[in-house]
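Work through the exercises below with the model open. Each one gives a task and then a solution in steps.

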Amino acid sequence: YITGGTMKAFVDTLDMALLQMNQMPGQHFQPYWAGWSINAATSAPLYAIHHPVGDVKKYAITTDPLTATTFSSYTNSGKPFASDAHWLVRTWTTGTTQGGSSGCGIFDANNRLVGSLSGGEATCSNPRNDYFMRLNRGWNAGSMTNQQLAHWLNPDNQSIQEMDGMDYYQYKME
């Protein structure tokens with residue numbers, strides 16, 4: 001196992017946090033760095049990978065497009081979430097999230113991360129209305145590097161909107 005990380009970016013009202021692991025996972029872990037997209041339009045199907053209530057890995061799929069919206073709820077510190085900062089999954093087509101899934105990523109049809117779960121109403125008997133923090137809203141959320149993703153995920157300030165994922169050790173060996 002690997003433990004420990006350093007907070008690189010955090011914005012409470014977006015439900016956004018970016019951590020850097022304190023050590024590189026060994027090759028036997030087969031680490032894969034997820035790709036990401038900050039495009040405002042997402043392509044379906046979209047899927048979430050999660051471990052509800054510490055259960056084994058599960059997934060949920062929606063074939064509907066995501067809707068940009070405001071999550072009318074509050075952060076752990078009691079502040080309202082920022083306006084227009086979330087994606088809404090109206091209905092899961094296959095599977096669902098549930099309590100304990102918070103923080104899981106939602107990926108587009110190109111396997112790129114577009115958000116992370118803040119909360120919602122979804123359960124096994126009611127697979128709808130989940131709210132995911134929009135990655136594109138966290139991109140330049142603040143002027144300081146500890147309030148934005150751009151500084152850490154695009155340190156060379158290239159004019160890119162997305163990046164594919166990669167198998168770290170396979171890439172390192174090429």
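**Exercise 1.** By class, how many nonpolar, polar and charged residues does the lining of the largest pocket have?

Solution. The structure is a predicted model, in which local features need pLDDT of at least 70, side-chain atom pairs count only at pLDDT 80 or more, and totals for chains, interfaces and linings use all residues. Residues are numbered from 1 along each chain as its sequence is written, and side-chain values use heavy atoms, with hydrogens and water left out.

Step 1. On a 1 Å grid over the protein atoms alone, a pocket is an open set of points where a 1.4 Å probe fits, with protein on both sides within 12 Å along at least five of seven lines; lining residues have an atom within 4 Å of a point. Ala, Val, Leu, Ile, Met, Phe, Trp, Tyr, Cys and Pro count as nonpolar, Asp, Glu, Lys and Arg as charged, and the others, Gly among them, as polar.

Step 2. Take the lining. It comprises 44 residues, with A17, L18, L19, L113 and L153 nearest the centre of the pocket.

Step 3. Sort by class: 27 are nonpolar, 13 polar and 4 charged.

**Exercise 2.** Classify the ring pair of Y47 and F107.

Solution. Step 1. Rings of Phe, Tyr and Trp (its six-membered ring) pair if their centres lie within 6.5 Å; planes under 30 degrees apart count as stacked, over 60 as edge-to-face and the rest as tilted. This rule gives 7 aromatic pairs.

Step 1. The centres of Y47 and F107 are 5.4 Å apart and their planes meet at 20°, so the pair is stacked.

Step 2. Y47 and F107 lie 60 residues apart, linking distant parts of the chain. Y47 is partly exposed at 22%, while F107 is buried at 13%.

Note on methods:
Helices (H or I, at least four residues) and strands (E, at least two) are DSSP runs, numbered from the N terminus. Buried means under 20% relative accessible area, exposed over 50%, partly exposed in between (1.4 Å probe, protein chains only).
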